[in-house]
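Here is my note on the structure, written as numbered points. Please keep the picture open while you read.

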Amino acid sequence: MRGRKTKSNRLAKLSISTMVILLVSLMSVQIVRLYHKNQEYVAREASLEAQKAAEESRQSELEEYEKYVKTQDYIEDTAQSKLGLVYEDQIIFKEEK
């Protein structure tokens, strides 16, 4: 009777130890996967932050251009360059080729 209890006791200890080792290994794999996923998210966040900074600078440039478009200088530059218009008293010198 004594030998039977020790065998079943050893078998129970062995099965419990196997389960614990299996759970620890599964948890380790999951931890490693989550770590790599976190590193990907950190890299993506840095990329998006850089993109955000670039878009903010572009936005400020567009705001400056919007202010310029509303000025008289813009109207004159556009009329001279695209339409070829000049003031009546303005003299234009063209280069001879």
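1. A word first on "helix": helices here are DSSP runs of H or I with at least four residues, numbered from the N terminus. Keep in mind, too, that this is a predicted model.

2. Start with the fold. The protein chain has two helices and zero strands. Helix 1 covers residues 2-69. Helix 2 covers residues 72-83.

3. Now the overall shape. The C-alpha atoms fill a box of roughly 125 × 35 × 15 Å along the principal axes. The radius of gyration is 38 Å, whereas a compact globule of 97 residues would have one near 13 Å.

4. How much of the chain is buried? Buried residues make up 1% of the 97 residues. The accessible surface comes to about 9900 Å². Carbon and sulfur atoms account for 59% of that surface.

5. Which residues make it? Ile16, Val20 and Val24 form a nonpolar surface patch of about 270 Å². One of these residues, Val24, is found in helix 1.

6. Turn to helix 2. This helix has twelve residues. From its first C-alpha to its last it reaches 16 Å, close to the 16 Å expected at 1.5 Å a residue. Just after helix 2 comes Gly84, with a positive phi of about 75°.

7. Then the aromatic rings. How many aromatic pairs does a search of the whole structure find? The search finds three. One of them joins Tyr65 and Tyr74: the ring centres are 6.3 Å apart and the planes meet at 80°, so the pair is edge-to-face. The cut-off behind that label is an angle over 60 degrees.

8. Tyr74 has another partner. The ring centres of Tyr68 and Tyr74 lie 5.5 Å apart, with the planes again at 80°, so this pair is edge-to-face as well. Ring pairs link Tyr65, Tyr68 and Tyr74 into a cluster.

9. Are these tyrosines buried or exposed, or in between? Tyr65 has 46%, so it counts as partly exposed. Tyr68 has 31% and is partly exposed. Tyr74 has 23% and is partly exposed.

Methods
Residues numbered from 1 in each chain as written. Predicted model: local features only at pLDDT ≥ 70, side-chain atom pairs only at ≥ 80, totals over all residues. Heavy atoms only, no water. Patch = residues over 30% accessible without salt bridge, like charges linked within 9 Å, V, L, I, M, F, W, Y side chains within 5 Å. Areas by Shrake-Rupley, 256 points an atom, 1.4 Å probe, with all protein chains shown as cover. Salt bridge = Lys/Arg side-chain N within 4 Å of Asp/Glu carboxyl O. Phe/Tyr/Trp six-rings, centres within 6.5 Å; stacked < 30°, edge-to-face > 60°. Buried < 20%, exposed > 50% of the residue type's maximum accessible area, 1.4 Å probe, protein only. Expected span 1.5 Å × (residues − 1). Rg over C-alpha atoms; globule rule 2.2 N^0.38 Å.
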